[in-house]
Amino acid sequence: MSECIFCKIVEGSLPSHKVFENDDCYAFLDIFPAGRGHTLVIPKKHVRDIHEADALTYSKVAAAAKDVADLLAAKLGSEGTTVFQMSREAGWQTVLHLHMHVIPRWKDDGLHKPWDIAPADDADLREVLQQITK
Ligand code: 5GP
Ligand code: ZN
């Protein structure tokens, strides 16, 4: 038996509020939601994060997240959508089974970006680009 809570949700040994399911992915309401309809989309097979997922598995989760986003927008009448995917501790991941957060958004929902917006120094952009592409 898996110790992973999201594997237990897929297996049905832990309860969840199912939003969507296909052959490869499962989606359910987040129990600590950022807002109304906040849904988590996961692969049915255990994979830890974006770096450990193969591209096909990740793309199936992304495609399911798109279906969920469209479903939530159609049913809840949301005005926009925010999708988050946290990987590893430094990336704010707390449950170590790959998941995408799909959050229906409204103009007046009070959510705000978790980073401060400031213009980059062009030298910094060129320096990091050099490291990425060399
Ligand atoms: P992370 O911080 O890893 O990106 O997101 C994990 C998410 O899983 C959190 O938003 C948290 O509220 C949610 N979560 C944690 N445990 C459970 C659970 O047992 N059931 C459900 N539905 N969501 C959970
Ligand atoms: Zn798992």
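Visitor: How exposed is His46, by relative accessible area?
Guide: This is a predicted model, in which local features need pLDDT of at least 70, side-chain atom pairs count only at pLDDT 80 or more, and totals for chains, interfaces and linings use all residues. Residues are numbered from 1 along each chain as written, chains are lettered from A and ligands numbered from 1 in written order, and side-chain values use heavy atoms, without hydrogens or water. Buried means under 20% relative accessible area, exposed over 50%, and partly exposed in between (1.4 Å probe, protein chains only). His46 is therefore partly exposed, at 43%.

Visitor: Is His97 buried or exposed?
Guide: The relative accessibility of His97 is 0%. That value makes His97 buried.

Visitor: Which residues coordinate the zinc ion (ligand 2)?
Guide: Donors are N, O and S atoms within 2.8 Å of the metal (3.2 Å for Na, K and Ca); water is not among the atoms, so sites may look incomplete. Here the donor atoms sit at 2.0 to 2.3 Å, two of them SG and two ND1. They belong to Cys4, Cys7, His46 and His97.

Visitor: How many residues apart in sequence are the parts that His46 and His97 tie together?
Guide: His46 lies in the loop between E3 and H2, and His97 in the loop between E4 and E5. Helices (H or I, at least four residues) and strands (E, at least two) are DSSP runs, numbered from the N terminus. The pair therefore ties together parts whose separation in sequence, in residues, is 51.
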